[in-house]
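Let's take a look at what sits inside this protein chain. Have the sequence and the 3D view ready, and follow along.

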Amino acid sequence: MNLFGRVMVWAALVLLPSTVWSQDLSAEQVKGFVGVMEEFRPFFERYAEDADDDGDPASTAKLVTDWAHEFKCSSDMLTVLEKHGFDQDSWPVVAARVSQAYMAVKFGEHGQDALGQMRRAVMEIEGNRDISAEDKAQMLAQMKENMAVMEKTLSAPAADQDAVREFIPQLDAVFGWSD
């Protein structure tokens, strides 16, 4: 997954607030998401070229936060959103749900396997007497944070996952996913 894809998934799953939406995602919303993301890419790539991102979560978080703040202040963002049927309120909700559903589809059963492996690793770390208490606490905190993100991803509603399935090739391109 390329930097743009990593950043957008990270933002959708971690930075955006959890929201409750009673309606299922529609094909039109997913199509609009793809359109917005295709138009956002050049804005982000221009910004990222000048940014110092070494790929670690803290650096990526800062890049996303800085870019989102700068871009949010521009009229270009609202123009792109409106062109694809969104406003500043609906966009974050739809973006988060599409991203979550897409990742749940892509991870599928492998995600459950990875989650199980993470749980076993936590138990091994907890039981390892050769790791200092400080290192152990840090390792466990990171592992539990990763598990929480994976659990959130895999909990995408089935209807949302169904809505994104027909757009998998376009979403793969948006997120830079290659099998």
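The largest nonpolar core here has 28 residues, and those with the most contacts inside it are Phe33, Trp91, Val98 and Leu171. A nonpolar core is a set of buried Ala, Val, Leu, Ile, Met, Phe, Trp, Tyr and Cys residues joined through side-chain atoms within 4.5 Å. Buried means under 20% relative accessible area, exposed means over 50%, and partly exposed is in between (1.4 Å probe, protein chains only).

A quick note before going on: this is a predicted model, where local features need pLDDT of at least 70 and side-chain atom pairs count only at pLDDT 80 or more, while totals for chains, interfaces and linings use all residues. Residues are numbered from 1 along each chain as its sequence is written, and side-chain values use heavy atoms, with hydrogens and water left out.

The largest share of the core, 9 residues, comes from α5. There's also a second, separate core of 10 residues, which includes Leu115, Met118, Ile131 and Met150.

Now for the rings. Rings of Phe, Tyr and Trp (its six-membered ring) pair if their centres lie within 6.5 Å; planes under 30 degrees apart count as stacked, over 60 as edge-to-face and the rest as tilted. That rule gives 3 aromatic pairs.

Trp91 is buried, with a relative accessible area of 8%, and Phe86 counts as buried at 6%. Ring pairs join Phe33, Phe40, Phe86 and Trp91 into a cluster.

Finally, have a look at helix α8 (residues 168-175), whose buried residues are Ile168, Leu171, Asp172, Val174 and Phe175. Seen down the axis of α8, they fall within an arc of 160° (taken from the directions from the axis to the C-beta atoms), so they line one face of the helix. The face turned away from that buried side carries the exposed Pro169 and Ala173. Leu171 touches Val30, Phe33, Val34, Val98, Tyr102 and Val164 (heavy atoms within 4.5 Å), leaving aside residues up to four places away in sequence. Just after α8, Gly176 takes a positive phi of about 70°.

Key:
Helices (H or I, at least four residues) and strands (E, at least two) are DSSP runs, numbered from the N terminus.
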